[in-house]
Amino acid sequence: MIVKEWCMYCGECAGVCPRNLIEVRELTLKFNEDQCKECSLCVQVCPVKALEKE
């Protein structure tokens with residue numbers, strides 16, 4: 001997952017991940033990409049379009 005520099009770390013992406021694979025930290029997002037099924041819900045709900053699939 002690519003996180004653009006304008007990410008606000010609001011947590012919307014973490015809130016919709018059905019597998020709870022996203023951890024929001026103060027200035028980073030931590031993705032467990034090994035477990036990700038690429039549903040893209042996190043990309044779709046980002047209010048500032050800061051997430052992009054690799």
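Author: Start with a definition. A residue is buried under 20% relative accessible area, exposed over 50%, and partly exposed in between (1.4 Å probe, protein chains only). Arginine 25 is partly exposed, at a relative accessible area of 39%. This is a predicted model, where local features need pLDDT of at least 70, side-chain atom pairs count only at pLDDT 80 or more, and totals for chains, interfaces and linings use all residues. Residues are numbered from 1 along each chain as its sequence is written, and side-chain values use heavy atoms, with hydrogens and water left out.

Reader: How many salt bridges does the count come to?

Author: The general idea comes first. Side chains of opposite charge can pair when their charged atoms come close. The rule asks for a side-chain nitrogen of Lys or Arg within 4 Å of a carboxyl oxygen of Asp or Glu. By this rule the count is two salt bridges. In one, arginine 25 meets glutamate 23, at 3.1 Å from N to O. Glutamate 23 is partly exposed, because its relative accessibility is 38%.

Reader: Which side chain does lysine 4 meet in a salt bridge?

Author: Lysine 4 pairs with glutamate 52, at 2.8 Å from N to O. This pair links distant parts of the chain, 48 residues apart. Glutamate 52 sits in strand β4 (residues 51-52), and lysine 4 in the loop between β1 (2-3) and α1 (12-16). Helices (H or I, at least four residues) and strands (E, at least two) are DSSP runs, numbered from the N terminus. Glutamate 52 counts as partly exposed, because it has 35% relative accessibility. Lysine 4 is also partly exposed, at 24%.

Reader: Which residues gather in the patch of negative charge on the surface?

Author: Patch members have over 30% relative accessible area and no salt bridge, and like charges are joined within 9 Å. Asp and Glu count as negative. The place of a charge is CG of Asp or CD of Glu. Here the patch consists of Glu33, Asp34, Glu38 and Glu54. Aspartate 34 lies in the loop between β3 (29-31) and α2 (41-45). Aspartate 34 counts as exposed, because its relative accessible area is 74%.

Reader: How many disulfides does a search of the whole structure find?

Author: A disulfide is a covalent bond between the sulfur atoms of two cysteines. The test is a pair of cysteine sulfur atoms within 2.5 Å. The search of the whole structure finds zero. For cysteine 36, the nearest cysteine sulfur is that of cysteine 39, 6.2 Å away. For cysteine 39, the nearest is that of cysteine 17, at 6.1 Å. Cysteine 36 is partly exposed, because its relative accessibility is 34%. Cysteine 39 is partly exposed too, with a relative accessible area of 41%.

Reader: What is the phi of tyrosine 9?

Author: Most residues other than glycine have a negative phi. Tyrosine 9 is not a glycine, yet has a positive phi of about 55°. Tyrosine 9 lies in the loop between β1 and α1. Its relative accessible area is 24%, so tyrosine 9 is partly exposed.

Reader: And serine 40: buried or exposed?

Author: Serine 40 is buried, because its relative accessible area is 14%. Its phi is also positive, near 70°. Serine 40 is in the loop between β3 and α2.

Reader: Where is the place of threonine 28?

Author: Threonine 28 is in the loop between β2 (22-24) and β3. Threonine 28 counts as partly exposed, at 41% relative accessibility. Threonine 28 and cysteine 13 are 15 residues apart in sequence and 12 Å apart in space, C-alpha to C-alpha.

Note on methods
Patches are made of residues with over 30% relative accessible area and no salt bridge: like charges are joined within 9 Å, nonpolar side chains (Val, Leu, Ile, Met, Phe, Trp, Tyr) within 5 Å. Accessible areas come from the Shrake-Rupley method with a 1.4 Å probe; for residues, only the protein chains shown count as cover.
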